[in-house]
Every structure is written in C-alpha cells, then in structure tokens.
Amino acid sequence: MQKCKKCNTQFSWSTIYKSFWWGYKPIECENCNAEHRIIVRGRLIFVSLTILPMLVFGFFLSPFDSAFATICAGIAILIIGSLFTPYLVKFRKADQSSYFN
C-alpha cells in the first residue's frame with residue numbers, strides 16, 4: 001500500500017479505492033495534508049484490472065446464453081478486479097512535475 005511522499009503516512013485501502021470511483025480524485029494525506037494524484041501508469045493498471053477483463057469476458061469468453069447472466073458475471077469480474085487495484089496503483093505528490101513515473 002502506498003505511503004505519503006512527504007510524511008510517510010500510509011494511505012488506507014478505502015481512501016485509495018474511493019479515489020478511483022470518484023474520477024481519480026486526488027488523495028490528501030490525513031497527517032500533513034499533502035495532495036497526491038494518480039499517475040498515468042496507475043490509470044492504465046486500474047483499467048486493465050477492471051474494464052478490460054469485464055469486456056473480454058462479455059464479448060469473447062462468456063459461456064452463458066443469457067445476456068443477464070453475462071452482464072452479472074461481467075460486473076462481478078469488474079468488482080473483483082477493482083478490489084486489487086489499491087495495492088498496485090501508485091500516486092505522486094501533486095507538486096511534482098511528471099505524472100508518468
């Protein structure tokens with residue numbers, strides 16, 4: 001799990017998770033109020049663990065004849081993939097110049 005770049009306070013899983021679902025909202029450290037933003041690679045990781053598996057399953061790998069079952073399974077895949085993303089995605093302190101690293 002990621003820590004604040006300024007004071008080394010660890011971000012909570014729920015804080016990072018909520019950031020994804022609110023349009024990659026910046027995370028503010030609870031200890032020093034430093035703002036951290038998700039980097040581009042982090043956004044790609046989030047999409048590759050949530051949206052892509054859901055789409056691949058829905059369009060290519062679905063064993064169900066029912067559209068409802070396929071949609072439910074796709075949503076389950078999206079949720080399961082999203083639960084792992086706070087462990088893999090990195091944030092960068094907002095005043096740093098590059099969001100690509």
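N8 is found in the segment before α1, which spans residues 13-21, where helices are DSSP runs of H or I of at least four residues and strands are runs of E of at least two, numbered from the N terminus. Before I go on, this is a predicted model, in which local features need pLDDT of at least 70 and side-chain atom pairs count only at pLDDT 80 or more, while totals for chains, interfaces and linings use all residues. Residues are numbered from 1 along each chain as its sequence is written, and side-chain values use heavy atoms, with hydrogens and water left out.

Back to N8, then: its phi is positive, about 70°, although N8 is not a glycine, and with a relative accessible area of 51% N8 is exposed, where exposed means over 50%, buried under 20% and partly exposed in between, using a 1.4 Å probe and protein chains only. N33, in the loop between β1 and β2, is another residue other than glycine with a positive phi, near 65°, and N33 is exposed at 52% relative accessible area.

What about A34? A34 lies in the loop between β1 (27-28) and β2 (35-38), and it counts as buried, at 7% relative accessibility. Leaving aside neighbours within four places in sequence, A34 is in contact, meaning heavy atoms within 4.5 Å, with C4, K6, I27, E28, C29 and K93. The C-alpha atoms of A34 and A94 are separated by 7.7 Å, although these residues are 60 apart along the chain.

A34 also belongs to the largest nonpolar core, which has 12 residues in all, among them C4, F20, Y24, I38, F46 and F91; such a core is a set of buried Ala, Val, Leu, Ile, Met, Phe, Trp, Tyr and Cys residues joined through side-chain atoms within 4.5 Å. With the same exclusion of sequence neighbours within four places, Y24 is in contact with S19, I38, R43, F46 and V47.

Now to the helices. The axes of α2 (residues 40-49) and α3 come within 3 Å and cross at roughly 30°, axes being lines fitted to C-alpha atoms, for helices over the stretch in contact, with angles from 0 to 180 degrees between N-to-C directions. That makes α2 roughly parallel to α3, given that angles under 35 degrees count as roughly parallel, over 145 as roughly antiparallel, 65 to 115 as roughly perpendicular and the rest as oblique. The contact is made by F46, V47, S48 and L49 of α2 and I51, L52 and P53 of α3.
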